[in-house]
Amino acid sequence: MEFFCYHRDRPGSLPLRRELREEHWSYMDRYAKEMIARGPTLAADGDTPTGSVHIVDLPDPAAARAFAFDEPNHQAGVYRDVLLRRWRNTLGRTMWDFPGGRTGGNRYLVLGFGAGQAADLAVPSDRDGLIAYGPLLSDDGDTWLGTAALVRAPDPDTARTILTRDRYDDIEVHNWQSGGRPS
């Protein structure tokens, strides 16, 4: 089962985040084989972390909750909240398989929150900028709650167009970069 996890940073937590960097990476190293995508969201300056995205393939919702809430930054109070949802990898690849590579171009996390009839279930026809794409689902996988995408695009407004605007209660666009331990 695939899960989308987005930890949002608590204001003022950057020094603690930096202090826990190695603990965070060591924790994530344990999930390397299960990782579909990962990386920080960033403030407008392109440098200051505002959150952390992890898309992982885990056995069940209990394992996903353990992954999200046992994470060292979460345990220490770096994060203010956690969005954890079932997710479906409609592209069938990881960020490491993305033809555009790990660097180059502006990258964004696009989150569309909705209810009711599902929207944007099919992969958009223009896949060139899609790094990861899929629906956000309830724990049982039966109820559509939105869509999450990692995209390469020239700007946030272009990234937002990956989703059908009038089908969502809210759409968020965050600067994002591929993450992981530096090589």
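A search of the whole structure, a predicted model, finds seven salt bridges. A salt bridge is taken as a side-chain nitrogen of Lys or Arg within 4 Å of a carboxyl oxygen of Asp or Glu. Because the model is predicted, local features need pLDDT of at least 70 and side-chain atom pairs count only at pLDDT 80 or more, while totals for chains, interfaces and linings use all residues. Residues are numbered from 1 along each chain as its sequence is written, and side-chain values use heavy atoms, with hydrogens and water left out.

One of the salt bridges joins Arg-8 to Glu-172, with the closest N and O atoms 2.8 Å apart. Arg-8 lies in strand E1 and Glu-172 in strand E8, so the pair ties together parts that are 164 residues apart in sequence. Helices (H or I, at least four residues) and strands (E, at least two) are DSSP runs, numbered from the N terminus. Arg-8 is buried at 13% relative accessibility. Glu-172 is also buried, with a relative accessible area of 17%. Here buried means under 20% relative accessible area, exposed over 50%, and partly exposed in between (1.4 Å probe, protein chains only). Arg-8 and Glu-172 belong to a network of salt bridges that also links Arg-80 and Asp-81.

Arg-181 forms a salt bridge with Glu-22, the closest N and O atoms being 2.9 Å apart. Arg-181 sits in the segment after E8 and Glu-22 in helix H2, so this pair connects parts 159 residues apart in sequence. Arg-181 is partly exposed at 31% relative accessibility. Glu-22 is partly exposed at 43%.

A salt bridge also joins the side chains of Arg-65 and Asp-139 (3.3 Å, N to O). Arg-65 lies in helix H3 and Asp-139 in the loop between E6 and E7, so parts 74 residues apart in sequence are tied together. Arg-65 is partly exposed, with a relative accessible area of 37%. For Asp-139, also partly exposed, the value is 41%.

The side chain of Arg-86 reaches the backbone oxygen of Asp-139 at 2.9 Å. Such a polar contact is a pair of N or O atoms within 3.5 Å; within protein, one must be able to donate a hydrogen and the other to accept it, and residues adjacent in sequence count only if both atoms are side-chain atoms. Arg-86 is found in strand E4. Arg-86 is buried yet has no salt bridge; the nearest side chain of opposite charge, Asp-140, is 6.2 Å away. For charge, Lys and Arg count as positive and Asp and Glu as negative; His and the chain ends are not counted. Beyond four places in sequence, the residues that Arg-86 touches include Met-1, Phe-3, Pro-135 and Gly-141. Contact means heavy atoms within 4.5 Å.

Arg-86 stands opposite Leu-137 in E6. Two bridges join strand E4 (residues 79–87) to E6, and the strands run antiparallel. Strands pair if DSSP finds at least two bridges between them. In strand E6 (residues 130–137), eight of eight residues are buried. E6 also pairs with strand E7 (residues 144–152), antiparallel, over seven bridges. Gly-134 has Ala-148 in E7 as its bridge partner. E6 and E7 form a hairpin with six residues between them, and Gly-141 in the turn has a positive phi of about 80°.

Strand E3 (residues 49–57) has seven of its nine residues buried. Seven bridges join strand E1 (residues 2–9) to E3 in the antiparallel sense. E2 and E3 are likewise antiparallel, over seven bridges. His-54 in E3 stands opposite Cys-5 and opposite Arg-38. E2 and E3 form a hairpin with six residues between them; Gly-46 in the turn has a positive phi of about 75°.

The structure holds four aromatic pairs. Rings of Phe, Tyr and Trp (its six-membered ring) pair if their centres lie within 6.5 Å; planes under 30 degrees apart count as stacked, over 60 as edge-to-face and the rest as tilted. Tyr-31 and Phe-67 are edge-to-face, at 4.7 Å centre to centre and 80° between the planes. Tyr-31 lies in the loop between helix H2 (21–29) and strand E2 (35–42) and Phe-67 in helix H3 (residues 61–70), so the pair ties together parts 36 residues apart in sequence. Tyr-31 is buried at 15% relative accessible area, and Phe-67 is buried at 0%. Ring pairs link Tyr-27, Tyr-31 and Phe-67 into a cluster.
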